[in-house]
Amino acid sequence: MALTLAVAQCNPVAGDLAGNARSIVVAARSAHAHGVRLLLMAEGALAGAPLHDLAHRPAFARACVNQVQELAAELASLSGLVTVLFHPSPDATHGKKGGDPSTGLGMLSVLQDGQCMSHRLADAPLVLVEVEGLRIGVLPEHALNVAGCTAARDAGVQLVAVAGRTPYRMGVVCAREQALAAWAQRCGLPCISAHLVGGHDERVYDGASFAVQASGVLAGRAPQFSEALWMVQAQAADGPLNLHASSTVAVGEPDGEVGRAPYAQPFNHAEVWQALVLGTRDYVRKSGFRDVILGLSGGMDSALVLALAVDAMGSQQVRTVMMPTVHTAAMSLDDAHEMAQRLGVRHDVVAVDSLCRAFEETLAPLFAGRGADVTEENIQARVRGNLLMALSNKWGAMVLATGNKSELSTGYCTLYGDMAGGFAPLKDVLKTQVYALANWRNDHDPFGTGASPIPTRIITRPPSAELRPDQTDQDSLPPYDVLDAIVAGYMENDASVRQLLDSGLPADAVQQVVRLIRINEYKRQQAAPGICISRRAYGCDWRYPLVNRFADGAQDACGAIRKNGMDP
């Protein structure tokens, strides 16, 4: 016998129960028309994800249950179709961890022929569903452990259906497929795993639902970064069920090239670009905006954000503003204008020298006796941020901040200046990765918005904030390949200072960067949200004390190396 199963890769909005339910109904009707008998949803398909403390509100959990009852009635006409949903539970303990499916205190509801059978995951993470004579064990992704394996075997299930909840990270496809393949081999059972798609606050869910045979061999993978109804055939044979699906590839196939740096993660340019574009588009649109605006400086970061914005929103929904001062090079003006023309976006130039002078003249009596310093540089950045926010108010367009992870790590950014904005697409993208993506985007046009959008000179010229004469980023920061290796090691991978030094990184740079990471937490906690793509991102993964004097041994370790003449 054969059974047709399907995964609905939905793109929900957190809290939009009615809208998300409509998407589920559309998927269910299509699945039923194609002969599907079991429709599996990822965690969050109804309630949205991530829910954070919204999951702890009893009223929200009750609304979820009511919506599930309405869904059951709506799907009653789809005879023979079994639909599986995970959602918060109103019976879970109120307060911390209450009601969130990912904590094990949520509910799994099975809808069939107008009936709804709900199960509290705290009672039993594995729920048995029988479909056309096949015993299927349904469980959330967090229950893929030894206990879950034992429960599945003891229950005599023939197929395991997993409701996934893993957001996108570089290398996540490889990691989750390898993990489920090993689990399936341990249990001796085939598995199918469902995943969400879409941008949700700082998280991006990439879809790529997949199925593995009992042997651990990958049976197939659904499309990545797109909504889909993905179907799998389960056929009875001698021994375990055999699964047949499209897009068959090697299990755990690496989804990127691994860099040479000791702490590098797999970096697949096309995949990361898709994640950044989808995350930006969904955050803007789900927030109720149609248009975006950004300050275009003629530099690398704002150029990449512009290319991202046009791929995400379309050229008619993107506006750029150049705000030069006396320190702005003519090539910056020319390059920004050329890029705006290449992508067909509206581009305005607003000189801000007079505004900066007005600030300085107003403050002159209070600054008496003190020479010019970084204060005047910050005034320039804050004037620009103020103008962008005013234009956002007037035009109803969301401001995209253009800073990258390297700058945010070291505090090489100005509060209420270039950090101003509603969303920061490059917040988790290191500067070296910014350049890699820029070169990749110039060689590829994945959304048909224009080939080679970034003028070559923007990529090749030394990066500069242009806040004082002849300024470059490397005046005050280590070379970006060194800086990024330290950030990747220390912040993303918890490497100690000693490990960083042992890997060959310069002692002075390690000491400087570790100190800058520590003292600039106050900036990061006021930064705009941005897309998480790395193993650890600021915002959704990292939160340190604002007042923090733990130096992590940086000064002692680096000093000892220099004293012994071992500084590389």
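Predicted model: local features only at pLDDT ≥ 70, side-chain atom pairs only at ≥ 80, totals over all residues.

Me: What distance separates the end C-alpha atoms of helix α1, and what span should its 17 residues have?
Reply: Helix α1 covers residues 17-33. At 1.5 Å a residue, its 17 residues should span 24 Å. The end C-alpha atoms agree with this, being apart by 24 Å.

Me: Against which elements do the buried residues of α1 pack?
Reply: The buried residues of α1 include Leu17, Ile24 and Val25. The buried residues of this helix pack against β1, β2, α2, β3 and β14.

Me: How are the rings of tyrosine 283 and phenylalanine 423 arranged?
Reply: Their centres are 4.3 Å apart and their planes lie at 15°. Planes under 30 degrees apart count as stacked, so the pair is stacked.

Me: How many residues apart are tyrosine 283 and phenylalanine 423?
Reply: Tyrosine 283 belongs to helix α5, whereas phenylalanine 423 is in the loop between α10 and α11. The pair thus links distant parts of the chain, 140 residues apart.

Me: Is tryptophan 542 buried or exposed?
Reply: Tryptophan 542 forms a stacked aromatic pair with tyrosine 544. Its relative accessibility is 5%. Since buried means under 20%, tryptophan 542 counts as buried.

Me: Over the ring of which residue does the charged end of lysine 405 sit?
Reply: The ring belongs to a member of the aromatic cluster of Tyr538, Trp542 and Tyr544. At 5.9 Å from the ring centre, the charged end of lysine 405 sits over tyrosine 538.

Notes: Residues numbered from 1 in each chain as written. Heavy atoms only, no water. Helix = DSSP H or I, 4+ residues; strand = E, 2+ residues; numbered from the N terminus. Expected span 1.5 Å × (residues − 1). Buried < 20%, exposed > 50% of the residue type's maximum accessible area, 1.4 Å probe, protein only. Contact = heavy atoms within 4.5 Å. Phe/Tyr/Trp six-rings, centres within 6.5 Å; stacked < 30°, edge-to-face > 60°. Lys NZ or Arg CZ within 6 Å of the ring centre and 35° of its normal.
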